[in-house]
Amino acid sequence: MRYDCATVNAKPPRGHRMLAPPDSGSSSGLGRPNKPKLAEIASREEGRKQGQREGLRQAIELVCNQLGIMITEPRRIWIKSLDVAALQSLIRRLLADRRWP
């Protein structure tokens, strides 16, 4: 649609949607979103770590299945208690030794 001086100040046609002005909660008015709050950042980081741990646990199960290693309930509980670095180390050990450490 072309605009000229006469139509710039005119009301939009009926049924035409106007963009709403940014609300004060989500934008500073200059098109830039507000900085995320500290709790939001911490929550995202914890979610990311949780997802990473779950992915590593699944990888351990897959490696154990491929190597014919049984994952007993005590092993499963132990695996759940490990952090990311320990899970990565366990995967390396399983692949290198081809047995449960």
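Student: What percentage of the 101 residues of the protein count as buried?

Tutor: A residue is called buried under 20% relative accessible area, exposed over 50%, and partly exposed in between, with a 1.4 Å probe and protein chains only. Of the 101 residues here, 17% count as buried. Please note that this is a predicted model, in which local features need pLDDT of at least 70, side-chain atom pairs count only at pLDDT 80 or more, and totals for chains, interfaces and linings use all residues. Residues are numbered from 1 along each chain as its sequence is written, and side-chain values use heavy atoms, with hydrogens and water left out.

Student: How many helices and strands does the protein have?

Tutor: Both are DSSP runs numbered from the N terminus: helices are H or I with at least four residues, and strands are E with at least two. This protein has 4 helices and 0 strands, and its pattern along the sequence is α-α-α-α.

Student: How does the span of helix 2 compare with the expected value?

Tutor: The expected span of a helix is 1.5 Å times one less than its number of residues. Helix 2 contains 30 residues, and the distance from its first C-alpha to its last is 43 Å, close to the expected 44 Å. Just after helix 2, Gly68 adopts a positive phi of about 75 degrees.

Student: Which residues of helix 2 are buried, and what covers them?

Tutor: An α-helix has 3.6 residues a turn, so residues three or four places apart point the same way. In helix 2, the buried residues are Arg53, Leu56, Arg57, Ile60, Val63 and Cys64. Their cover includes helix 3 (73-81) and helix 4.

Student: How are helix 2 and helix 4 arranged relative to each other?

Tutor: Axes are lines fitted to C-alpha atoms, for helices over the stretch in contact, and angles run from 0 to 180 degrees between N-to-C directions. Angles under 35 degrees count as roughly parallel, over 145 as roughly antiparallel, 65 to 115 as roughly perpendicular, and the rest as oblique. The axes of helix 2 and helix 4 come within 10 Å and cross at roughly 15 degrees; the two helices are therefore roughly parallel to each other. Contact means heavy atoms within 4.5 Å. Among the residues that make this contact are Lys49, Gln52 and Leu67 of helix 2, together with Val84, Gln88 and Ile91 of helix 4.

Student: Which residues of the largest nonpolar core touch the most other members?

Tutor: In soluble globular proteins, nonpolar side chains tend to be buried together. A nonpolar core is a set of buried Ala, Val, Leu, Ile, Met, Phe, Trp, Tyr and Cys residues joined through side-chain atoms within 4.5 Å. The largest one here has 14 residues, of which Ile60, Cys64, Ile79, Leu87, Leu90, Leu94 and Trp100 touch the most other members. Helix 2 (38-67) and helix 4 (84-97) are the elements that give two or more residues to this core, and helix 4 gives the most, with 5 residues. Leaving aside neighbours within four places in sequence, Ile79 is in contact with Arg57, Ile60, Ile71, Leu87, Leu90 and Trp100.

Student: Is Cys64 buried or exposed, and what does it contact?

Tutor: Cys64, found in helix 2, counts as buried at 0% relative accessibility. Leaving aside its neighbours within four places in sequence, Cys64 is in contact with Ile69, Ile71, Leu94 and Trp100.

Student: Where does Arg98 lie, and is it buried or exposed?

Tutor: Arg98 lies in the segment after helix 4 and counts as exposed, at 56% relative accessibility. Although Arg98 is not a glycine, it has a positive phi of about 60 degrees. The C-alpha atoms of Cys64 and Arg98 are separated by 8.7 Å, while the two residues are 34 residues apart along the chain.
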